[in-house]
Each structure stands twice: as C-alpha cells, then as structure tokens.
Amino acid sequence: MITQLVASGLALGSIYALLALSLVLIHKATDVVNFAQGEMAMFGTFICFALLTRAGLPLPAVLLLAAPLGVALGVVTERATMRPLQSAPPVNALIATIGLWMIFHHAAGWIWGYDPVRFPSLFSPEPVEIMGARIAQNSLGIIAVSLLVVVLLYLFFEFTRMGVAMRAASMNRRAAQLMGVDVTRTSLVAWGLASAIGVVSGLLIAPLTFLDFEMMFSVLLKAFAGAILGGFNSLPGAVIGCLVIGVLENLIAAYVSTAFKDTFAFGIIILVLMFRPQGLFTRRIAKKV
Amino acid sequence: MNGPMRALLAVTALATAAFLFPGATRAADPGVTKDKITLGSFLPLQSGLAAGATQMREGADAYFKSLNEAGGVNGRKIEWIVENDSYNPQQTAAVVKKLVDRDGVFAIVSTLGTVTNLAVLPFLAQRGVPIVNPAGGHLLLNKPKDKNVFGILPLSSEIGESMADYAVGKLGAKRVAIFYQNDQFGKDQRDGAVEALKKHNLQAVGEATYVPSDVDVSAQVVSLRQTDPDAVILGIIPKHAALFVKEAQRLGWKPKIIGHNTVADPVVLDLAGPEALEGVYVNLMTAVDGMDTPAVKKANEILAKHYPKTKPGYYPYLGMAGAMIIVEGIKRAGDDLTRAKLIAGLESLGRHETGLVPPIEWSASYHGGPKSFGYAQWQGGKLKVLQGW
C-alpha cells in the first residue's frame with residue numbers, strides 16, 4: 001500500500017509543482033505573488049477546450065497553440081492590470097491579483113458553464129507499473145515536463161540577459177532601472193512566460209482532474225504550500241516542496257484521516273514561515289535595502 | 001357623525017369583514033387572475049450548484065411552456081418567475097420577499113438548496129405561501145411539518161439506508177465500505193448506511209471522505225481498497241464519483257459500487273468513460289434517461305422541444321416533477337383558486353405517480369418524500385434499470 005500511496009502522491013505533487021513553477025517565476029521576476037495564476041491557467045485551458053471542441057482543431061495543434069495563447073493571456077493581463085499599478089506599493093498589485101482570481105474564476109463559469117468536462121489526454125490511459133505501484137502515463141508526463149521547465153528556466157535566469165535583468169528588477173527595482181534595465185519589459189515577459197507555463201500545465205492537469213471552473217482552487221493552495229516549503233525563490237526547491245506535499249498529503253489521508261489532508265498543507269505553510277521562512281532549499285538572504 | 005369619521009368607520013368595517021371572511025371580499029389569493037397564475041422560484045443560478053440549478057429550471061420551465069401551449073390549467077396560463085439567490089441564504093430571503101410582496105406570486109415551486117430553502121421557510125409559513133418541491137436534504141424539507149410545505153425528495157439518510165440494504169440484501173455483500181462527501185449531504189447518507197448495516201449485524205469495514213474542492217481521491221481509494229470490501233457505497237457528487245471509479249480502474253480494483261442518484265448523471269459517464277463505470281449500481285430517486293416508460297418519453301420530448309441542448313437527467317426531471325405536481329394540485333383546487341384550496345388539492349393527491357420521481361403519498365398528515373427507490377446499473381455506457389419503484 002505504501003508504494004502506491006507514495007507513487008500517487010508524487011503524481012499529485014507533480015500537478016502542484018507545475019503550477020508552483022509559474023508562481024515562482026513571476027515572484028522571482030517582479031516580487032509579486034500572483035494569486036490569479038491558477039485561474040489564468042484554468043481559463044487558458046478552457047480556451048484550448050473551446051478550440052478543440054468548437055473549432056474542431058486536433059489535440060496536437062491545440063497543444064502547439066497553448067504556449068502562445070498563454071503568452072497572450074499573460075501579456076494582456078499584465079498590461080491591463082499590473083502596469084497601471086507599477087509605481088504603487090507592492091501590496092496593491094497583490095490585492096489586484098486576488099481580484100483577478102475572482103474575475104477569471106467567475107468569467108469561466110459564466111462563459112463555459114459550471115459542469116466539469118472531460119479533457120482528452122495526450123497519453124494512453126493504460127497505467128504504468130513501477131515497483132508494484134500503478135501510475136497514469138499522464139502523471140509521468142507531468143513529472144517530465146516539470147523537470148524540463150525547471151532546467152529551461154534555470155538556463156534562462158542564469159545565462160540570458162533578460163533572465164539576469166529580471167532577477168535584478170525583483171531585487172531592487174529602482175537600482176535595476178538606474179542600471180538600464182527596462183523593468184516594465186521584464187514584468188511583461190515574466191507574466192507572459194508564467195502564463196504560458198500555466199496554460200500548458202492546465203492541458204496536462206485537466207485530463208486527470210477534469211476541466212471545470214474550480215479545478216485550480218486546491219491546486220493553487222497546495223502549490224503555494226509546496227513553493228513556500230521549498231523556498232519561494234527557488235525553482236527546483238518549489239518542485240521538491242510540491243512533491244513532498246503531495247506524498248505527505250496522501251500518507252496523512254491514508255494513515256491519519258482524510259479529513260486532515262488539507263489542513264495539514266496549511267499547517268506546513270505556517271510552520272515553515274515561522275521557523276524557516278526562506279524555505280528548506282534556499283539559503284537565507286538578508287533583505288537588500 | 002361627520003364625513004371623515006364616517007369614512008374611517010366604513011374602512012374599518014370593510015377591513016374587519018375582509019379579515020373575518022377572506023373568501024367573501026377577495027375573489028382569489030395573490031398571483032391569480034382570470035387567465036393567469038403567477039408562480040415563483042429561487043435557484044442558485046450563479047454558484048457551484050449552478051449547472052444543476054439551470055437544468056432544474058429548464059425542466060420545470062419546459063413543462064410550464066408545453067402546458068401553456070396546450071391551454072394552461074383550468075383555463076389559466078402559468079407564469080413562472082425564477083430568481084437567482086447565488087446559493088446565499090441572505091439573498092434567498094431578499095428574493096423571496098420580492099417574489100411574495102412585489103410580484104405577488106401565488107405559490108413557489110422547484111427550488112434548490114438546503115440552507116437557502118431553510119432560510120425562507122418561516123417567512124413562507126407566516127405568509128401562508130405554498131412551496132412545492134424545495135429540493136434539499138433536511139427534515140423540514142423532506143418530511144415537512146409546515147402545512148404549506150410539500151417535499152418530493154427523500155431524506156439523505158434514507159438513501160444511505162436503502163443503498164446499504166441493497167448492497168447486503170440484493171448484492172450479498174458482507175464487507176461494506178463507505179466513501180462520502182464530508183458535509184451534511186454525505187454524512188447523512190453515511191449515517192443511514194451505518195444504521196442499515198447494523199440491522200444486518202454488520203459494520204462498515206472502511207470509511208473515507210473527500211471535500212468538493214478535492215481534485216484527487218487516490219489516497220482514499222488506496223486506503224479503502226486496503227480494507228478489502230466486497231461493496232463500496234458512494235455518498236457523492238458526479239465529479240468525485242468519476243474520480244473514484246477512474247482511480248479504482250487505474251489500480252485494477254473491482255469492488256461492487258453502489259452510488260447515490262447523482263452517479264446516474266450523464267456527466268459521470270462523460271467524465272469517467274464507459275469502462276470505468278461498467279457495473280456501477282445507482283440508487284434512483286428520479287427517472288433516468290434510458291427508462292422506457294411513456295412518462296419519461298413524454299418528459300424527454302418536452303425538454304427536447306424547449307431546451308434542446310439540455311440532457312435529460314436528475315435535475316431536469318426533478319424540476320419538472322415539481323411543476324407537474326403543483327399543476328395537478330391547482331387542477332384539483334378548481335376554478336375558484338386559493339392557497340388553501342391548493343394545499344387541500346395537494347393533500348388529496350394520495351399515492352400519485354408522475355413517472356419522473358418515485359410515487360409520492362401525500363395526505364393531510366404527510367407532506368414528505370417517497371419511501372421507495374429504484375436501482376439501475378451502468379452497462380456499456382447505458383443505465384439499465386434493475387428495479388423500478
């Protein structure tokens with residue numbers, strides 16, 4: 001039983017991890033925590049679903065369109081809501097993202113209805129057996145994509161001008177600006193990228209959880225918990241944190257009680273914030289003034 | 001006696017007369033004219049329950065429309081005003097006040113939501129407004145005590161009892177596990193099932209819960225499988241029923257599964273696919289699409305005509321059943337329609353078959369839901385009725 005629980009937990013954690021990556025990306029680049037990330041991913045996935053069912057495009061074509069579509073969604077949202085708040089205190093932007101959360105949430109229900117729908121999977125439904133545990137091929141795909149995204153983003157942040165500029169802009173916006181970094185551009189790129197990752201994750205997650213306007217609610221909260229556990233500025237840390245959350249959640253549900261499964265994740269957030277606010281996998285950094 | 005004083009006296013006398021002999025001064029109660037009866041409803045059209053609420057409205061509305069096309073009831077057409085309450089009891093209170101005081105509805109029919117219905121029962125009782133088919137799970141809705149309330153759904157605990165009886169009695173299960181939603185809806189079913197198992201000298205071998213926001217039930221499935229049940233009872237909503245059977249399929253686990261009526265929803269088939277659902281039993285407290293009876297065929301026809309996009313199922317049938325029953329009550333109340341006569345008409349129904357829900361058996365002393373259930377099984381992507389009501 002325990003191998004199956006751990007395997008299902010890793011599969012579940014990988015779902016959280018995909019979303020956590022886009023949370024961390026925006027935070028790393030703009031110092032804003034985007035509470036609307038999950039709903040934007042859900043909204044984009046619904047657009048893909050409409051392309052599939054109403055426009056009748058084949059699944060691979062929709063998958064190719066997902067990333068540009070995500071970029072467009074992120075860029076438009078950033079221009080419309082974040083740009084005007086650029087010089088306001090960061091808490092304003094944070095509250096605006098909570099507003100966006102509600103807007104995307106209800107808009108999706110209003111446009112596409114409130115029933116869950118089945119989303120076709122790229123992978124065969126036959127589960128794979130690994131060490132006696134059965135895992136959906138879709139889940140293995142999610143794990144592979146998360147790792148790929150981590151590597152690509154790592155390369156991006158370390159070795160491209162834009163990546164370095166983003167890190168600089170989030171550490172000290174004004175100094176970065178004085179050094180010639182175009183901070184409006186870094187913010188735009190970060191939102192576009194994060195939203196693209198979000199929509200692609202939506203396409204991978206929806207076959208497992210079904211597509212509906214509530215699909216990202218608990219995923220977002222667990223992704224937060226995982227990202228905080230791993231360190232909100234570390235991409236690999238966030239992935240590991242989310243996998244840990246997924247596995248622990250399953251073990252608690254099976255051995256303690258299913259009723260504590262969710263509370264537990266938030267218990268972790270609080271404990272980590274109290275005792276190791278920088279997360280388990282990042283070094284403590286003094287706040288630069 | 002001067003002018004104003006005389007006028008005052010006259011008004012007082014009239015008011016007293018109106019109070020003492022309501023039938024004598026008023027031709028009818030609010031909401032009834034020579035050619036029209038105005039009814040009302042409140043539904044959570046914008047909420048997590050919105051999909052069901054919309055279908056419920058469409059089912060009832062399709063029936064009223066086809067009734068009006070055929071000339072109405074006793075020469076009067078039905079106008080049905082539906083308000084959204086967003087599944088928020090405070091909003092329900094506001095919209096019901098509007099329906100009763102401003103729109104002057106004659107009665108209320110086919111509403112949805114336990115807390116929202118409960119929130120307005122005292123007001124409706126005080127005003128004497130009849131309410132038929134308040135859909136929810138509570139003693140006051142399913143076994144009403146108020147003279148003006150008529151419920152057509154059973155208690156959730158009775159559904160749980162029935163499912164456990166079916167698992168043990170019909171399917172011969174000795175080891176029964178329960179998977180349920182962690183709220184009143186699920187817990188009542190669980191409690192009913194546990195009670196019924198006790199009568200068979202059994203107890204549940206395993207129990208697990210989920211909350212509606214869960215997107216994964218793998219841990220629950222694994223831990224229930226560990227208890228090795230022959231049968232699993234699901235007190236559940238469609239999405240999580242689909243998640244459950246898909247996870248069981250992934251693990252290659254095949255217990256007998258007996259689900260609440262919601263598992264008969266076509267949404268479950270769409271989400272889980274026919275293979276994962278194969279062999280799952282469902283409790284029936286409304287008709288299902290595949291039932292080959294004249295009443296169901298007629299209902300499907302009416303729905304297809306007015307709402308061609310809506311699939312027949314639990315919510316449309318439930319909404320329509322409420323509409324059919326109140327119309328039958330209105331018919332029996334006769335041409336001189338009053339609320340008191342409608343209530344008398346509904347109480348005179350006795351054992352009454354709509355064909356869309358199990359027969360109701362209303363009388364002056366019982367306004368509650370049915371006591372019998374049907375069962376069906378998913379076979380090759382279709383529901384096959386195994387046991388009628």
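Reply: Let us begin with a term: two residues are in contact if their C-beta atoms, placed from the backbone, lie within 7 Å. Axes are lines fitted to C-alpha atoms, for helices over the stretch in contact, and angles run from 0 to 180 degrees between N-to-C directions. Helices (H or I, at least four residues) and strands (E, at least two) are DSSP runs, numbered from the N terminus. The model is predicted: local features need pLDDT of at least 70, side-chain atom pairs count only at pLDDT 80 or more, and totals for chains, interfaces and linings use all residues. Residues are numbered from 1 along each chain as its sequence is written, while chains are lettered from A and ligands numbered from 1 in the order in which they are written.

Me: Which strands does helix 8 of chain B lie across?

Reply: Helix 8 (residues 184-199) of chain B lies across strand 6 (176-181), strand 7 and strand 8 (231-235) of chain B. Its direction is at about 160° to strand 6 of chain B.

Me: What is the order of the strands in the open sheet of chain B?

Reply: Two strands pair if DSSP finds at least two bridges between them. In chain B, 7 strands form an open sheet in the order 7-6-8-9-10-13-14, with mixed pairing. Strand 7 (206-210) and strand 14 (382-387) of chain B are the edge strands, each pairing on one side only. On average, neighbouring strands of this sheet are turned by 25° against each other, direction ignored.

Me: In what sense do strand 10 and strand 13 of chain B pair?

Reply: Strand 10 (residues 281-284) and strand 13 (residues 374-379) of chain B pair in the antiparallel sense, over 4 bridges. Opposite Leu284(B) stands Gly374(B) in strand 13 of chain B.

Me: How many residues does each chain bring to the contact between chain B and chain A?

Reply: Chain B brings 25 residues and chain A 27 residues. On the side of chain B that touches chain A, helix 9 of chain B gives the most, with 6 residues.

Me: How many helices and strands has chain A?

Reply: The secondary structure of chain A comes to 11 helices and 2 strands. Along its principal axes, the C-alpha trace of chain A spans about 55 × 50 × 35 Å.
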